[in-house]
Amino acid sequence: RCSVRYAQPIPPLHSQGGRPVTTVYGFSGSPRPGANTDHLVSAVLEGAAAAGAETRLLRVQDMNMRPCCACMWCRENRGCAMKDDFSPLWPALFEADAFVIGSPVFMWQMTAQTKTLVDRLYPVMNADFSTRLDKKPKMALCFTQGHPDGEFFRAYFEQTAQVLRFLGFDVKPPLSAVGTREPDDILAQTAVMEEARELGKSLVS
């Protein structure tokens, strides 16, 4: 059985005060801390929090998360056989109301860190390819890209959204921020950041 040690405790949910209407988990798949993708995912979570949600931001790069090892334990069992930093989050897949996944575009696709996260979602699907997600949680997809053309990777973004819809998530139209090469480029894109906050609010309503 494949397993790894725990690297660090998962940070607690960040509440804006009062009883939360929605619980939203945000994942940034960027290898660069505090850069464009972190900013974009944080903006989505800010919007959700402003609408009354309780939020948590997790950086996949900082987690001890192994790739799926194809042991197929999850085909006959609920959960994942691997024991790592993703294990404590497994119940959240069924209890949370919404998720945010953000990634920069590397080589025309999501980063390896983000792909590891998406692959580890495989256990939410039954052996007959039906979903185990009865709650059908909402999902926001956020991408940052150096290329200036907002349509350049659109087909890939939609393909990624379709994969997550197949798993049982209610995926919003993907959001992308173009021309984000330097770590803080996105901060000058006030319209995109506001769109991200509005996307976050839509995860609560």
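Begin with the lining of the second largest cavity, whose residues divide into 12 nonpolar, no polar and no charged. The model on screen is a predicted one.

**Stop 1: the second largest cavity**

Select Y25, F27, F86, L89, A92, L93, F99, I101, L117, L121, M139 and F169, which line this cavity. Colouring by element shows that β1 (23-28), α2 (92-95) and β3 (98-104) each give two or more residues to the lining.

**Stop 2: the largest cavity**

The structure has two cavities of 30 Å³ or more, and the largest holds about 110 Å³ of space. Its lining is made up of 14 residues; select C68, C71, C74, C80 and P123, the closest to its centre. By class, the lining of the largest cavity comprises 12 nonpolar residues, no polar ones and two charged ones.

**Stop 3: the cysteines**

Keep the cysteines displayed. How many disulfides does the structure hold? The number is zero. Select C68 and C69: C68 is in no disulfide, and the nearest cysteine sulfur, that of C69, lies 6.0 Å away. C71 is likewise in no disulfide, its nearest cysteine sulfur being that of C69, at 4.1 Å.

Is C68 buried, exposed or partly exposed? With a relative accessible area of 40%, C68 is partly exposed. C71 also counts as partly exposed, at 35% relative accessibility.

**Stop 4: two loop residues with positive phi**

Next, select A70, in the loop between β2 and α2. A70 is not a glycine, yet its phi is positive, at about 55°. Most residues other than glycine have a negative phi. Then move to W108, in the loop between β3 and α3. Phi of W108 is also positive, near 75°, and W108 is a residue other than glycine. The relative accessible area of W108 is 48%, which makes this residue partly exposed.

**Stop 5: helix α1**

Select residues 36-50, which form helix α1. This helix has 15 residues and reaches 21 Å from its first C-alpha to its last, close to the 21 Å expected at 1.5 Å a residue. How many of the residues of α1 are buried? The helix is mostly covered, with 11 of its 15 residues buried. To see them, select N36, T37, D38, L40, V41, A43, V44, L45, G47, A48 and A49.

With those residues highlighted, show the elements around them. The buried residues of α1 pack against the strands β1, β2 (54-59), β3, β4 (138-144) and β6 (175-177), and against helix α5 (190-202). After α1, select G52, which follows the helix and has a positive phi, near 105°.

**Stop 6: the largest pocket**

The last stop is the largest pocket, with a volume of about 290 Å³. Fifteen residues line this pocket; select K115, V118, D119, V163 and L167, the closest to its centre. Two helices, α3 (112-119) and α4 (154-167), each supply at least two residues of the lining. Which element gives the largest share of the lining of the largest pocket? That element is α4, with six residues. The lining of the largest pocket has 10 nonpolar, three polar and two charged residues.

Definitions and conventions: Residues are numbered from 1 along each chain as its sequence is written. This is a predicted model: local features need pLDDT of at least 70, side-chain atom pairs count only at pLDDT 80 or more; totals for chains, interfaces and linings use all residues. Side-chain values use heavy atoms; hydrogens and water are left out. A disulfide is a pair of cysteine sulfur atoms within 2.5 Å. Buried means under 20% relative accessible area, exposed over 50%, partly exposed in between (1.4 Å probe, protein chains only). On a 1 Å grid over the protein atoms alone, a cavity is a set of points where a 1.4 Å probe fits but cannot get out, and a pocket is an open set with protein on both sides within 12 Å along at least five of seven lines; lining residues have an atom within 4 Å of a point. Grid points are joined across faces, edges and corners, and a volume is the space filled by probe spheres set on the points. Ala, Val, Leu, Ile, Met, Phe, Trp, Tyr, Cys and Pro count as nonpolar, Asp, Glu, Lys and Arg as charged, and the others, Gly among them, as polar. Helices (H or I, at least four residues) and strands (E, at least two) are DSSP runs, numbered from the N terminus. The expected span of a helix is 1.5 Å times one less than its number of residues. Contact means heavy atoms within 4.5 Å.
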